[in-house]
Amino acid sequence: MNTHFSEAEGAAVPAKKPSLLRTFTRGLWSNNPGLCQLLGLCPLLAVSGNAVSALGLGLATLFVVCLSSVIISLLRSLILREVRIPLYIVLIATLVTVLRFYVEAFYPDLYDSLGIYLSLIVTNCIIMGRAEAVAGRENVLRSFLDSAGCGLGFALVLFCLGSVREIAGSGTWMTGAGALLGDWAAPFETVLYSHDYTYLIAVLPPGGFFVLALFIALKNAFSIHRRNRIENRFRIDSVRD
Amino acid sequence: MNIKLTEQAQKQNLGIEAAPFLHARLSTRAIMLITSGALLPGFLCLAWFQGFGLVWQFLICLVTSLVCEGAVALLRHRNLGRALTDGSFLVTCMLLAMTLPPLLPWYLTAVTAAFAILLVKEAFGGLGMNIFNPAMAGFIFVFISCSGFMFSTWLSHAPGALTAATPQATYEVIFKGADPLLLRAQVRALDPQLKDYDAQRSGTDARSGATAASEADAVSGATWLENVKAARKQGDGALGRLPEVTDAAVTAYASTALALAAGGIALMCLHIIIIRMVLAYFAALLIFAALGHYLWPDLIMAPLPQLLLGGAVLAGFFIITDPVTNAGTSKGRIAFAVFAAFLIVVIRACGSYSDSVAFSVLLANAAAPLIDVLTRRRAFGHGYRGGELD
């Protein structure tokens, strides 16, 4: 709700660009692709069964969104407006293919656990959305900061979602980190509690929806806290139920 | 933004609701209390056949839901007293206590009740706004999450189980985490046929308790529906030589069903639940089961076991008739009941879990808005075929 208002007001007041810092942080919180724009839900829900593969996909998406934004922003004067979408897709697909080969070569376990979702980054709406909304119009620095914010926000949401689901569903955190991400990550693998206390549903598909919904609710509760307080001050006791 | 909000607050018409002004014969609280009272005979009957664990489960659920409802009321700035006395969670707690395994560890019961109240009911806006039946959704939550626990803590119905599963013994299992196997063996031993069966299986005296029960469990599952499923999986015309339900278990199931029916009929007389919905449900269940059993005897159970085993009777009187989560039109309610009955028969035959009532109810709940749209009544003056008003 908040963002709709602010965007609408922004449209009414002409042409004052947000600061560079704001461009970056917008994607992290107020316009977070996972919690606010609700883009890229398919990988968000499908790969977040454990923290490590979620982190892997988050980093991959971050890489692709940053690089594609920079390239599109550099080429924006050459790209014809009428055929921009096919061109964007070709660019993004190239990057994703490069990334896929890289992951397949150096992190084969991660490649197996991500499966088709690594290739599906091509169709991830976040990347297309950033290309269309910012990279095709703004200069390189601004579009890089914007896409880095969005990618980072998405990766963070993915990682938190994966962590919560893994902790609740199997009682562990970052299992397979060493195998999937390389030896530097091995010390993060922890077993928190025994299987007797876990809830399998958290790692099943419904669990993804539950946890994501809780995240969104929490985010909304934070961001409209002040407004709620004002609203509640004006409530009339007799209408309370 | 502040100014807009003050205007909005002023428009709140000082607590006067808009027309039409309808008078309800019974308040929500009265309906909920009467429904809980009507569940009581079934509850006591089940407690006699399944032991005191039911009461503990009910108390755990009750405390959890009181805490959850109170917390939500505080968060929403609602009247705490009204939220804690509306009684709807009482019905949810009774339904949960009757459906959950009697020896389920307390923390699982508490999480189930919290899930039912917080996520299924309050997250959608509280009483009257929930899409899914809280008790059934909570049951499925714990069933899918910890299916191992669901079977290891189940007590088979046995006459006078209350004498073996005493408050003290069940307390030890539920709260202190004692092994439920011994208690399960004791309850099984109350059923003479099962006792003989266990004795035969282990080849030793049935008094050697735990080992006999665990070996018997390997061939006969936790519930009779589980046995039926296992027999169906073995194939080769298996339902013909089903593990026969013992006489004591038949008595237990039948008397529980009668007790539930007594409560349900009382509710019908008070016009709290809709008679045609209940009738449509049971008729549909029996017809679908009879037809299915006639066509595919290997796959689908006969009508009477379909009715008695599992939660079919409970669902018919107390769960599908939930006024919040069923369809909104008269025809739609009948369609809803028939759909739920159909799903019960089908999912029992083809599903991977043993009982299907909770899944069927949730699927029917999810279909209720669609049923509403499909059975919408024609507005007066519209939609005549060939008429000029259309």
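# Notebook: two chains, one predicted model

**Helix α2 of chain A.** I started with α2 (residues 20–28) of chain A and found T23(A), F24(A) and G27(A) buried. These three sit on the same side of α2(A), because they cover an arc of only 95° around the axis. The arc is that of the directions from the helix axis to the C-beta atoms. Helices (H or I, at least four residues) and strands (E, at least two) are DSSP runs, numbered from the N terminus. I then looked up what lies over the buried residues of α2(A), and the cover includes α9 (140–170) of chain A.

**Ground rules.** This is a predicted model, where local features need pLDDT of at least 70, side-chain atom pairs count only at pLDDT 80 or more, and totals for chains, interfaces and linings use all residues. Residues are numbered from 1 along each chain as its sequence is written, while chains are lettered from A and ligands numbered from 1 in the order in which they are written.

pLDDT is the predictor's confidence in each residue, from 0 to 100. I noted an average of 85 for chain A, with 91% of the residues at 70 or above. Chain B has a mean of 83, and 83% of its residues reach 70 or more. Residues 1–5 of chain B are below 50, and this stretch has 5 contacts beyond near neighbours in sequence. A contact here is two residues whose C-beta atoms, placed from the backbone, lie within 7 Å. Residues 204–221 of chain B also stay under 50, with 35 contacts beyond four places in sequence. Where pLDDT is low, the predicted coordinates should not be read in detail. The model scores ipTM 0.81 and pTM 0.84.

**Chain B as a whole.** I got 20 helices and 0 strands for chain B. Of its 390 residues, 46% count as buried. Among contacts in chain B with a separation of 6 or more, 71% are between residues 24 or more positions apart.

**Two domains in chain B.** The domain assignment, which is automatic or from a database, gives chain B a domain 1 (28–272) and a domain 2 (274–375). Their contact takes 32 residues from domain 1 and 26 residues from domain 2. On the domain 1 side, the elements giving two or more residues are α5 (88–99), α7 (134–145), α14 (224–234) and α15 (247–269) of chain B. Which of them gives the largest share? I found that α15(B) does, with 8 residues. The domain 1 side divides into 21 nonpolar, 8 polar and 3 charged residues. Ala, Val, Leu, Ile, Met, Phe, Trp, Tyr, Cys and Pro count as nonpolar, Asp, Glu, Lys and Arg as charged, and the others, Gly among them, as polar.

**A closer look at α5(B).** I checked the burial of α5(B), and 12 of its 12 residues are buried. Its cover includes α2 (28–50), α3 (53–75), α6 (106–121), α7 and α18 (312–319) of chain B. I checked the length too: the expected span is 1.5 Å times one less than the number of residues, so the 12 residues of α5(B) should span 16 Å, which agrees with the 17 Å between its end C-alpha atoms.

T64(B) is in helix α3 of chain B and counts as buried because 24 other C-beta atoms lie within 10 Å. Beyond four places in sequence, T64(B) is in contact with A110(B), A113(B) and A114(B). A110(B) is in helix α6 and is partly exposed, with 18 other C-beta atoms within 10 Å. The contacts of A110(B) beyond four places in sequence are I60(B) and T64(B).

Most residues other than glycine have a negative phi. M174(A) has a positive one near 60°, and so does H271(B), at about 60°. Buried or exposed, I asked of M174(A)? With 23 C-beta neighbours inside 10 Å, M174(A) is buried. H271(B) has 10 such neighbours and counts as exposed. M174(A) is in the loop between β1 (172–173) and α10 (177–181) of chain A, and H271(B) is in the loop between α15 and α16 (275–295) of chain B.

Definitions and conventions: A residue is buried if 20 or more other C-beta atoms lie within 10 Å of its own, exposed if 12 or fewer, and partly exposed in between; C-beta atoms are placed from the backbone.
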